[in-house]
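Load the model in your viewer and keep the selection panel open. The stops below go from the ligands to the core and then to the annotated sites.

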Amino acid sequence: MLPEASCKYGYEECKATADWLLDHAPVQPLVGIVCGSGLGGLADMLKDQKVFSYSDIPNFPQSTVCGHAGRLVFGTLKGQPCVCMKGRFHLYEGYPIEKITMPIRVFKLMGVETVILTNAAGGLNQDYKVGDIMIIKDHINLPGFAGRNPLCGPNDERFGTRFPCMSDAYDRKLRQLALDVGQELGYSHFLREGVYCVLGGPSFETIAECRMLNRLGADAVGMSTVHEVIVARHCGMRVFALSLISNQAVMDYSSEDKANHEEVLQTGEHRSQQLVKLVSTIVTSVDQHRRGESTKSQH
Ligand SMILES: O=P(O)(O)O[C@H]1O[C@H](CO)[C@@H](O)[C@H]1O
Ligand SMILES: Nc1nc2[nH]cnc2c(=O)[nH]1
């Protein structure tokens with residue numbers, strides 16, 4: 001007998017959800033985008049939209065966090081078929097870890113090849129400023145150290161191998177592409193590359209915790225993304241992820257600053273335009289890149 005969680009959000013459930021969506025969606029998406037806290041505006045860049053409430057999608061979890069609308073948006077970006085999650089799920093909402101990442105497997109079963117994940121995060125690196133955009137080059141899965149990994153439980157080979165590699169989780173070519181695109185757009189002064197650390201939340205970190213995470217090599221801290229990345233890589237999708245530095249993590253006992261969700265959402269609003277421009281240009285270039293690859297493979 002399989003453990004309960006694996007049975008509830010396994011291959012058949014993901015396939016049923018993917019088939020239902022493909023029956024109702026206007027396009028078969030090749031790119032899947034996940035919007036972080038306050039970053040739902042990213043979905044507005046899609047043309048010819050068809051929007052589904054999470055509550056209408058079979059087997060789908062429901063959003064419970066302010067800044068996560070709970071809508072799945074299909075559409076195109078310069079002809080590139082995309083699907084965009086306006087709202088993601090977090091461990092602290094009380095969902096089993098398999099349910100948090102279930103939409104990523106649904107992406108895969110709908111035909112998505114590239115996943116773009118965004119989040120709001122606290123800046124640990126002392127050189128970072130609020131409003132910086134950090135391209136994620138690597139992660140620290142702190143809950144994973146205690147056995148909280150979305151791949152725990154029986155492995156379903158239809159998704160991927162038992163022991164997936166994570167040293168290449170964040171696609172090097174897409175990271176370089178983002179740096180190039182950022183430079184062309186004149187964003188280099190607020191574009192960074194760094195390491196994201198996930199914690200369980202929902203409480204923000206203590207000063208001692210922030211200091212410890214920074215010493216461990218983390219540049220930014222949040223409560224999401226890493227579980228989705230692990231599942232996306234397990235089933236063979238390309239991953240690109242970025243953090244909007246929405247607040248400075250408090251590292252100093254003399255500081256009066258206090259992390260809060262309102263500031264997180266506000267920073268999202270302020271950077272929204274540039275974030276949309278950056279992500280949409282990357283998506284368009286991914287398409288060119290893909291076409292280039294398939295042209296090459298024909299020769
Ligand atoms: O990671 P996203 O979904 O952007 O949200 C981040 O913002 C919330 C805290 O303000 C937490 O949920 C944290 O993970
Ligand atoms: N854990 C954590 N998550 C965040 N999300 C946005 N800011 C933060 C932060 O400072 N800490």
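This is a predicted model: local features need pLDDT of at least 70, side-chain atom pairs count only at pLDDT 80 or more; totals for chains, interfaces and linings use all residues.

**Stop 1: the ligands**

Residues are numbered from 1 along each chain as its sequence is written, and chains are lettered from A and ligands numbered from 1 in the order in which they are written.

Now move to ligand 1, which has 13 residues around it; Gly36, Ser37, Asn119, Met223 and Ser224 come nearest. Here β5 (114-123) and α9 (261-298) each supply at least two residues of the shell.

**Stop 2: the core**

Select Ile33, Leu42, Cys84, Val115, Val221 and Val239, the residues with the most contacts inside the largest nonpolar core, which has 78 residues. Such a core is a set of buried Ala, Val, Leu, Ile, Met, Phe, Trp, Tyr and Cys residues joined through C-beta atoms within 7 Å. Buried means that 20 or more other C-beta atoms lie within 10 Å of the residue's own, exposed 12 or fewer, and partly exposed in between, with C-beta atoms placed from the backbone. Helix α9 provides the largest share of this core, 7 residues.

Next, show α8 (residues 226-234): 9 of its 9 residues are buried, so the helix is largely enclosed by the rest of the structure. Just after α8, Gly236 takes a positive phi of about 85 degrees.

**Stop 3: the annotated positions**

Select Glu205 and Asn247, which an unreviewed UniProt entry annotates as "binding site"; UniProt positions are given in the numbering used here, feature names are shortened, and annotations may be inferred rather than shown by experiment. Although they are spread over 43 residues of sequence, they cluster in space, with a largest C-alpha distance of 12.2 Å.

Glu205 is in the loop between β7 (191-198) and α7 (207-215). Glu205 counts as buried because it has 20 C-beta neighbours inside 10 Å. Asn247 is in strand β9 and counts as buried, with 22 C-beta neighbours inside 10 Å.

Key:
A residue is near a molecule or strand if its C-beta atom, placed from the backbone, lies within 6 Å of it. Helices (H or I, at least four residues) and strands (E, at least two) are DSSP runs, numbered from the N terminus.
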